[in-house]
Protein chains: 2
Amino acid sequence: MIEIDYILHGDYLVTMSDDSSPIIDGAVAVKNGKIVDIGIYTDLNKKYAPLEIINGGIIMPGLINTHCHAAMVYFRGYADDLHLLDWLEKYIWPAERKWLSNEFVTDAVELAVLEMLCAGITTYSDMYFYQGAAAKSVKKLGIRAVLASGVIDFPTKTTKCAQDCIDNAVRFIKDFKDEPMISPSIALHSPYTCCPDTYIKSKEASVNHNVLLQTHLSETQWEVDEILKRYGRRPVEHLDYYNILDSNVLASHCVWLDDKEIDIVAKAETGVSHCINSNLKLASGIARVPEMLNKGINVALGTDGAASNNNLDILNEMSIAARLHKAIVKDSSALKAKEALRMATINGARALGLSEKIGSIEKGKSADIIIGSITKPHLVPIYDIYSHIVYSMSSADIDTVMVDGKVLIRVGHLANGADVEIIEKANHWGRRIAESV
Amino acid sequence: MIEIDYILHGDYLVTMSDDSSPIIDGAVAVKNGKIVDIGIYTDLNKKYAPLEIINGGIIMPGLINTHCHAAMVYFRGYADDLHLLDWLEKYIWPAERKWLSNEFVTDAVELAVLEMLCAGITTYSDMYFYQGAAAKSVKKLGIRAVLASGVIDFPTKTTKCAQDCIDNAVRFIKDFKDEPMISPSIALHSPYTCCPDTYIKSKEASVNHNVLLQTHLSETQWEVDEILKRYGRRPVEHLDYYNILDSNVLASHCVWLDDKEIDIVAKAETGVSHCINSNLKLASGIARVPEMLNKGINVALGTDGAASNNNLDILNEMSIAARLHKAIVKDSSALKAKEALRMATINGARALGLSEKIGSIEKGKSADIIIGSITKPHLVPIYDIYSHIVYSMSSADIDTVMVDGKVLIRVGHLANGADVEIIEKANHWGRRIAESV
């Protein structure tokens, strides 16, 4: 008998590796943070002596949130049902100017990470400021994160110009490049807030330090019109013209791509983060996801910030995407359940450049694994496990969440019981923010 | 001190009555199934001696599901991601022919009602066959229901022609018209499966027995083309021509209404059941909900059957509708949170002709009330309670469900503990159905 840390045992094991079907009564063996074996439970049970066996319904890879502004979770519900410019100019930007600080970001990210872990998200990619402060909460709670330090031409609370932002980002990258659970990254806000020179310099920094470059791209019709007006090209063409796009770039939103732009993104092998809830709620539009997937683009899912969503819940994004795009392309066989689940798992890992390590349950990969219940009224009977995960499960059905071989969530709560304190802190900040309006 | 059954006490009381704002630290007094008082907790606490005080986060009216085929819950996930005709002709209709029986419907409705109660749905309207068998489970579990006996021109397992269906419906109406928790109703399948004579005779039955007439209407582009071809009029015009539409009619879907048809429905004061998840997943299209609401149409929400959804979850329908229609009409201020919550509560009551009794928390109305948690990571901080319910809450956050003054759900489970047996029965049926494919 081989000594290991855990056997995770489920009625269904959904690996999301390319070559495998779901395993009935399946199990995963975990040791030192890694997946060491996969198979039928009775086989693994004979071979391994685990410190603990965790039983459940569906074992699947941890979900990956490829686009987030985690600290904005403290502005959840702060301003809704407004025109986009009113929302930004009258509410969100003033609130950010007033409240952002290292303390705010550390506390807010703690709540965001708790929410994501409870929803089965084991890796998230963030685009914001004060990422050093965010990293504290990431390390404290044990989630895996890609933290991108933001770059924008406008002055911010802590920067005067884009070069300050880039310098900050490079400093952050150097400080965090050896953290095992954090991949530092650099993020340009958008083509309408960053000039070509800022894109070129940020790209250089990302290449020099071998980190992911992220950017919002073609989120609104307004952005397309504005970039056309300024540069005579549509947003994707514009970035392509400056050789920004390649497989080490993650572009979020990509709502308003024309055929030519879809071809450019496909050829560049640039990943796309599809943020459907945010795009709907802000009335930005609906990205051409089935067409992008058909062209071979790696489309993953993102929640965007909770101020425009208002949750950090990839199962929910997946479920809405899988339904909505059928109606948009008028084909109820479009974006099938398994493909939607791929977007939430392995596509996310690829988009973040982490698919060697996470995104599927395979021997040698990190043990980022979640277990969902199948004993609730909305989850029976079961005919097809992919359909079940995509169209019937909700994040509240996730019982157990393991990241890097550590069990962080048990029965829907932090294994160390710290949830209550994080929620109280959030309510305390919420009252301060509400009272100051 | 006045003796009563319950005080329900919440951090927020959301009544959904026309004239009231949310009450902070609010309470509802309940006696003999009725709401006898509403106010601030400290006031009610001085005045009443309840048998029990139930505390929670958000107290709100029970949700209303205005369109369902409850028994189809046993086909949840049985066939997905297929073209509509393949789905119907190769899977759903053969499965129904094979399996439908009184026993199947009684058992399946039990699961559907359990799922709906857990999701905070206190009233649902159903359109199916074997409604006598459904009524058994409705009475057993204690939900409020509008049960419509189906009418279709085709032969079914138990009927040879439409007149058989109408006779069945009239018999069902007579048998159940005095049941306090069941409103019998008559439901025509659709203009493409029921000829004008069937509509006229069903309408007569609904008028003679003073029950709600229900019909699917204008669900797909195909239906519009077909009705135009057969009768030279679009579906709504067609029914209007035969004087079918009035305020005692509930039309489900209404996806493909043109301007003139919207005006007809508005003028007739016919209620509309918007089934967004089903319409998306079957690629039927997206109803013009903001325009219908602007024209004064009473639009409520429906889940449709779990075979095309795949849940029976009105909070989820509401949340998707509130986001999606913003993107469709390109206005992030469209379909505001409070209006979306109205669709899920008081509009539903009006659509079913039950607004004197349910749909809001008001003195004299039946105590159909739900309590939601606000202590989970995705539910803090709180700035606006309507935004919170619509954009952040999920059905798993509903702790307590009271119907007609009886507490049916406590801490997310049937108060009598019968969930386990219902779920086991569903899995047993599911295995039989799966094995027979």
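In this predicted model, the largest nonpolar core comprises 255 residues. The residues with the most contacts inside this core are A:Phe104 and A:Tyr124 of chain A, together with B:Phe104 and B:Tyr124 of chain B. When residues up to four places away in sequence are not counted, A:Phe104 touches A:Ala71, A:Tyr74, A:Phe75, A:Trp99, A:Trp429 and A:Ile433. In soluble globular proteins, nonpolar side chains tend to be buried together.

The relation between the two chains was examined by superposition. Chain B is brought onto chain A by a rotation of 180 degrees, with 0.0 Å of shift along the rotation axis and an RMSD of 0.0 Å. The two copies are therefore related as by a two-fold rotation axis. Within chain B, the C-alpha nearest this axis belongs to B:Ala396, at 3.1 Å from the axis. Both copies use the same surface, since 100% of the contact residues of chain B recur in chain A.

Chain A also contains an open sheet of 8 strands with mixed pairing, in the order S3-S2-S1-S4-S13-S14-S15-S16. The edges of this sheet are formed by strand S3 (34–40) and strand S16 (413–414) of chain A, each of which pairs on one side only. Strands of a sheet pair through backbone hydrogen bonds, in either a parallel or an antiparallel manner. Strand S14 (residues 398–403) and strand S15 (residues 406–410) of chain A run antiparallel and are joined by 3 bridges. In this part of the sheet, A:Val403 stands opposite A:Lys406 of S15(A).

Methods:
Residues are numbered from 1 along each chain as its sequence is written. Chains are lettered from A and ligands numbered from 1 in the order in which they are written. This is a predicted model: local features need pLDDT of at least 70, side-chain atom pairs count only at pLDDT 80 or more; totals for chains, interfaces and linings use all residues. Side-chain values use heavy atoms; hydrogens and water are left out. Two strands pair if DSSP finds at least two bridges between them. Helices (H or I, at least four residues) and strands (E, at least two) are DSSP runs, numbered from the N terminus. Copies are superposed by least squares on the C-alpha atoms of residues with pLDDT of at least 70 in both. Contact means heavy atoms within 4.5 Å. A nonpolar core is a set of buried Ala, Val, Leu, Ile, Met, Phe, Trp, Tyr and Cys residues joined through side-chain atoms within 4.5 Å. Buried means under 20% relative accessible area, exposed over 50%, partly exposed in between (1.4 Å probe, protein chains only).
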